[in-house]
Amino acid sequence: MSARSNKPHEIVERALELSRADGCVVIADEHSTANLRWAGNALTTNGVTRGRSLTVVATVDGKEGTASGVVSRAAVTADDLEPLVRAAEAAARSAGPAEDAQPLVTGVPEAPDFTDVPAETSSAVFADFAPALGEAFARARAGGRELYGFANHELVSTYVGTSTGLRLRHDQPTGTLELNAKSPDRTRSAWAGRSTRDFKDVDPGALDAELAVRLGWAERRVDLPAGRYETLLPPTAVADLLIYQLWSASGRDAAEGRTVFSKPGGGTRVGEKLTDLPLTLRSDPNEPGLECAPFVVAHSSGGDQSVFDNGLPVDPTEWIADGRLEHLTTTRHSAGLTGLPVAPAGGNLILDGGQDRSLEDMVASTGRGLLLTCLWYIREVDPATLLLTGLTRDGVYLVENGQVTGQVNNFRFNESPVDLLGRAAEAGRTEKTLPREWSDWFTRTAMPALRVPDFNMSSVSQGV
């Protein structure tokens, strides 16, 4: 029997029936992807894939506590189910008590579409996008530039069933578009990216026009030394920095004195003012255009998630409210340890509270400074301050008297996103954006541009 011959909800139900553990969680993920790739103003490849993965979490109650065993496998068939369930049970029985053990979640209403077939994407998602891309190729060719990039659309239908009666379902579409424009001699390059649910709200022609302007800026080259510069961070760069901040916002780690959110002398910085700007950083599973799972889906336990929390509702959460730290990420277990409220990390991130000013408006009001395109190769230097280092890429531009006057060399930067929020002088209009560095893991963001008076460009980089 093939992996596609059983409906996902039937696979979940059958795995639960086979379970002999004290508790069981089964997660079935049905994946489908469609993609386009292009180079030199021509399509190169396209394809569609399908797949299934199954995760079984077995819990066993013992005298010293509850142990858990987790096994995940791809391409699971009906014949694979019993060995998979037994493997999870064996892993639980051989493990010691789980530190994060909690009773499995109960009381969440069954999803009305739990028994429906999974949603699937196909090449039809590009029905309007592909012809528009072809027109962009023609304009780019006529304008003496070459376009490279890819468009990817993934649809994951996740089914969660538990021995405590939960039957939940979520369909997650994720679309990304990345477009590079290069001069024919490859000396100039510009990048733009977009996040989308269905490719109906992205215009490759508009992106090409934006990149053509940036390639024009790059015709004049200005070399600058390392130093602190007034810098305009576009929404994509802000997203990359604040995603890392969210990933570093563990309530337990903060309470144990290990992070930038730890209070000197003990406790956490919850309640502390982080910025004088009226900024609110939040996650909301129902945010229009950025919808994500309204319940916890945990394929493994880690610092900010627990397999015992599968199915736990994810509520709208303000991480920072009007500049003040409001919440840190917690599981039910870590909330109990720290006294903080339960706050699962959400699947999207939104920064609100800036002025209704576009990035172009912010450039026009800049005397002298730098305009970035994006950041990449971001790595942590010091968790105690959340100091990050990384590189600029695909265009750093010099702004003088409200005008972009040329492209400057790339830099390595050293900055903490928490510190940046405290030093930011202005925030612009919030808009959906695609993070450049973390787009393989986190795409659903909406951010404003930020003006930082003294962004630390610690050294010159030879990157492009």
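Mentor: Let us start with Pro225, which counts as exposed because its relative accessibility is 51%, just past the cut-off of over 50%. Please keep in mind that this is a predicted model. Pro225 is located in the loop that joins β7 to β8, the latter covering residues 227–233. Once neighbours within four places in sequence are set aside, Pro225 is in contact with Phe411 and Val460. Phe411 is 186 residues away from Pro225 in sequence, yet their C-alpha atoms are 8.9 Å apart in space.

Ala218 sits in the loop between α4 (204–217) and β7 (221–222). Ala218 counts as buried, because its relative accessibility is 9% and the limit for that term is under 20%. Ala218 touches Arg188 and Gln407, leaving out residues up to four places away in sequence. Between the C-alpha atoms of Ala218 and Val404 there are 9.7 Å, although 186 residues separate the two along the chain.

Val238 belongs to helix α5, which spans residues 235–247. With a relative accessible area of 2%, Val238 is buried. Leaving aside residues up to four places away in sequence, its contacts are Leu233, Leu351, Met447, Pro448 and Leu450. Sequence separation and spatial distance can also be set side by side for a residue elsewhere: Asp128 is 110 residues from Val238 along the chain, and their C-alpha atoms are separated by 30 Å.

Beyond four places in sequence, Leu233 touches Val238, Leu241, Leu372, Leu420, Ala449, Leu450, Val452 and Phe455. In the largest nonpolar core, which has 51 residues, Leu233 is among those with the most contacts, together with Phe261, Leu349 and Leu370. Helix α5 supplies the largest share of this core, namely eight residues. There is also a second, separate core of 31 residues, and its members include Ala34, Phe129, Leu207 and Ala449. As a general background, nonpolar side chains tend to be buried together in soluble globular proteins.

Ser416 is placed in the loop between β16 (410–415) and α9 (417–423). Its relative accessibility is 6%, so Ser416 counts as buried. Apart from residues up to four places away in sequence, Ser416 touches Thr385, Leu386, Leu387 and Leu388. Val26, by contrast, is 390 residues from Ser416 along the chain, with 39 Å between the two C-alpha atoms.

Ala75 lies between β3 (65–74) and α2, and its phi is near 55°, a positive value in a residue other than glycine. Arg186 is found in the loop between β5 and β6 (189–196). The phi of Arg186 is near 65°, again positive in a residue that is not glycine. Arg186 is partly exposed, with a relative accessible area of 47%.

Of its 464 residues, 55% count as buried. Among contacts between residues at least 6 apart in sequence, 73% join residues at least 24 apart. The C-alpha trace spans about 70 × 55 × 35 Å along its principal axes. For 464 residues, a compact globule would have a radius of gyration near 23 Å, and the chain's 24 Å agrees with this. The accessible surface comes to about 18900 Å², with 49% of it belonging to carbon and sulfur atoms. Finally, the chain holds 45 positive and 62 negative charges, whose mean positions are 4 Å apart.

Key:
Residues numbered from 1 in each chain as written. Predicted model: local features only at pLDDT ≥ 70, side-chain atom pairs only at ≥ 80, totals over all residues. Heavy atoms only, no water. Core = buried A, V, L, I, M, F, W, Y, C linked by side-chain atoms within 4.5 Å. Buried < 20%, exposed > 50% of the residue type's maximum accessible area, 1.4 Å probe, protein only. Helix = DSSP H or I, 4+ residues; strand = E, 2+ residues; numbered from the N terminus. Contact = heavy atoms within 4.5 Å. Rg over C-alpha atoms; globule rule 2.2 N^0.38 Å. Areas by Shrake-Rupley, 256 points an atom, 1.4 Å probe, with all protein chains shown as cover. Lys, Arg positive; Asp, Glu negative; His and termini not counted. Charge placed at Lys NZ, Arg CZ, Asp CG, Glu CD.
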